[in-house]
Amino acid sequence: MFETLGFESLTAPQVAVFFALILGAAFGVLAEQTKFCFRRGLVGDDRRAAMGVWLTALAVAVIGTQTLASLGFIDFADHRFFVSDLPLAAIVVGGLLFGAGMVLTRGCVSRLTVLTASGNLRAVFVLAVFAITAHATLKGVLAPVRTGLGALTVDLGSATSLAALPGGGLFWSGVLALGALTFALRSGNRVTTLILAAALGALVPLGWVGTGFVLYDDFDPIAMESLSFTAPYADALFWVIASSSIPAGFGVGLIGGVLLGALLSAVASRRFEWVSFNSPRETGRYATGAIMMGVGGVLAGGCTVGAGLSGVPTLSVAAILAILSIAVGALVMQAGLARRGSASPILQPAE
């Protein structure tokens, strides 16, 4: 469709950067206002309300994504979420690592990005370590870990999606959306908060249709993408280091947009505040968690947003397995910290 939009001096990949910037800015504002965070929904003091926000966004993302797919605007047949050889070991190990890591850093990557824009230097440190580790796992010294675990696969045949199960895609989309909305409506959130969460969830199908249909160009194709943070942070790191040699992509625009949107929201709401670490031990804990998230996010094929909020609405078995593994890793780590007396109620960066 891109050739019909009338752009004469810009290519589809270039327009995709601006599209991602707008998409990211909207996410940043909405995530800052709703305190959107999957970790909080699992182990936070206000976990019920936080999970209500996350599930509202997921329900809207499922409905929007599957509606667009049923109308033929987007097709996930060739997407990486739907490879028949499921890298089971990589997804499970990666998910467990990511979940445990986000408990140690007290924030999933999307929440830490928002907090970075709010003046939280702990979040800045975590994201820097996360980006370096993710890039090292994708293309650097840790790549053998990724390729080794990725080689341990299970052949799913055509059963790569919930749509292959009895009932089909429409039924399972309804089950996911209805279950999520039922919980959300009983979560104790204000209606305005749920409306903002729903708007955040609508960004997911917008991302899919924007990159997979509106900006589709036979002569200069781009990958079909939506909200995610693991690969975009690796791309953003590489671009920051070598921007004179490589052009910015969708991921760079997305990260930049989230930071900008969250900054504007934090300043406007008077929530911008400089904060940092309290002790070397605390710094070590966050560094450990950041490394675990960097490796885990790559192995699992995404974070709580990439594999969860954006991946689950595609009905991908791989994405669902990833978010479930992340949840288990987080709960196990939280339980371990509680037994050791380390699960401090003090408000640390993600809360």
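Helix α5 is mostly covered, with 8 of its 9 residues buried; buried stands for under 20% relative accessible area, exposed for over 50%, and partly exposed for values in between (1.4 Å probe, protein chains only). Helices (H or I, at least four residues) and strands (E, at least two) are DSSP runs, numbered from the N terminus. The model is a predicted one, in which local features need pLDDT of at least 70 and side-chain atom pairs count only at pLDDT 80 or more, while totals for chains, interfaces and linings use all residues. Residues are numbered from 1 along each chain as its sequence is written, and side-chain values use heavy atoms, with hydrogens and water left out.

The pLDDT, which is the predictor's confidence in each residue on a scale from 0 to 100, averages 92 over the protein, and 95% of the residues score at least 70. Over residues 345-350 the pLDDT stays under 50, and for this stretch the model has 20 contacts beyond four places in sequence. A contact means heavy atoms within 4.5 Å.

The buried residues of α5 are Val-109, Ser-110, Arg-111, Leu-112, Thr-113, Val-114, Leu-115 and Ala-117. After α5 comes Gly-119, with a positive phi near 95 degrees. The axes of α5 (residues 109-117) and α1 (residues 12-34) come within 10 Å and cross at roughly 90 degrees. Helix α1 is therefore roughly perpendicular to α5. Axes here are lines fitted to C-alpha atoms, for helices over the stretch in contact, and angles run from 0 to 180 degrees between N-to-C directions; angles under 35 degrees count as roughly parallel, over 145 as roughly antiparallel, 65 to 115 as roughly perpendicular and the rest as oblique.

On the α1 side, Phe-27, Gly-28, Ala-31 and Glu-32 meet Ser-110, Arg-111 and Val-114 of α5. The residues of this contact divide into 3 nonpolar, 2 polar and 2 charged. In this grouping Ala, Val, Leu, Ile, Met, Phe, Trp, Tyr, Cys and Pro count as nonpolar, Asp, Glu, Lys and Arg as charged, and the others, Gly among them, as polar.

The structure holds 0 disulfides, a disulfide being a pair of cysteine sulfur atoms within 2.5 Å. Cys-37 is in no disulfide, and the nearest cysteine sulfur, that of Cys-108, is 3.5 Å away. That distance is too far for a bond. Cys-37 is buried at a relative accessible area of 1%, and Cys-108 is buried at 0%.

Two residues other than glycine have a positive phi. Lys-35, with phi near 55 degrees, lies in the loop between α1 and α2 (38-43) and is partly exposed at 39% relative accessibility. Leu-315, with phi of about 70 degrees, is found in the loop between α13 (304-309) and α14 (317-340) and is buried, its relative accessible area being 1%. Most residues other than glycine have a negative phi.

His-79 lies in the loop between α3 (47-70) and β1 (85-86) and is buried at 13% relative accessibility. Apart from neighbours within four places in sequence, His-79 is in contact with Trp-208 and Met-224. Val-175, in helix α8 (residues 168-185), is partly exposed with a relative accessible area of 39%. Val-175 and Ala-59 are 116 residues apart in sequence, and their C-alpha atoms are 9.8 Å apart in space.
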